[in-house]
Amino acid sequence: MELAGKAVVVTGGTRGVGAGIARAFLGAGADVVVCARRPPDEPVELSGRTAEFRPLDLREPDAVRGFFAEVAADYGHLDTLVNNAGGTPYRLLDEGEAERHARVVELNLTAPLTASLAARPHLRAARGSVVMIGSVSGGRPSPGSAAYGAAKAGLESLARSMAVEWAPEVRVNTLVLGMVRTELSELHYGDAEGVARVGATVPLGRLAEPEEVGAAAVFLASAKAAYVSGASLLVHGGGERPAFLDAANVNQSEGNGR
């Protein structure tokens, strides 16, 4: 098991993508700690191995610093931080005051920075790594989640700068996610038919599974990625089919490729 004996923290690792990431690290042999404000409905486990849950509000800097100091002391080291916690409700910009949008930025950009800074001395001692969980929303227009997209764009930029400042002791990379099937998919895409229709817009024909995101995170944390830092790995099934292809009324097989 390639990460046996390694200690990993996954923020927001109690459900959805975060739980899939935590299970992937469990499968790779790591000792996994998941944190969130509330405990999971069911333990995050795989093949008889269970992630430890510790409560944490990432918006409380003192609590975050204490959390990472305790984890490193209890496990003897800290090898990987996965900054997964985040998200946003659907809200057009003019439907909320700036203060409400700022809270989205706080959760999706400031909180990962707070966690990374708190984890850094422990990761440095272990020559470990940080994995940021980004989004395709950071690289394209995101109507209804503009603050989220802006935060994710900032997160990717932050990771690239951290990779330079913290080298060579700590590697920092970003997973740029597309759409993922989770227990909350119906809230975003509708019923099973809606999820299938949305999945059909992806070149690979479906949404990602949380464990597939986890596999990519395990790779970035492993020795196989020892020379990978400051990188953004796209995990989006090929991206999105350009809308103009369906709008054009010419024979695309004879097009000029522009």
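Is Asp 246 buried or exposed? Asp 246 is exposed, at 57% relative accessibility, where exposed means over 50%, buried under 20% and partly exposed in between (1.4 Å probe, protein chains only). This is a predicted model, in which local features need pLDDT of at least 70 and side-chain atom pairs count only at pLDDT 80 or more, while totals for chains, interfaces and linings use all residues. Residues are numbered from 1 along each chain as its sequence is written, and side-chain values use heavy atoms, leaving out hydrogens and water.

**Salt bridges**

- Counting a side-chain nitrogen of Lys or Arg within 4 Å of a carboxyl oxygen of Asp or Glu, there are twelve salt bridges.
- Asp 246 pairs with Arg 241 at 3.1 Å, N to O, and Arg 241 is partly exposed at 45%.
- Glu 240 meets Arg 140 at 3.0 Å, N to O.
- That pair links distant parts of the chain, 100 residues apart.
- Within helix H4, Arg 160 and Glu 156 form a salt bridge at 3.8 Å, N to O; they are four residues apart, or about one helical turn.

- Helices (H or I, at least four residues) and strands (E, at least two) are DSSP runs, numbered from the N terminus.
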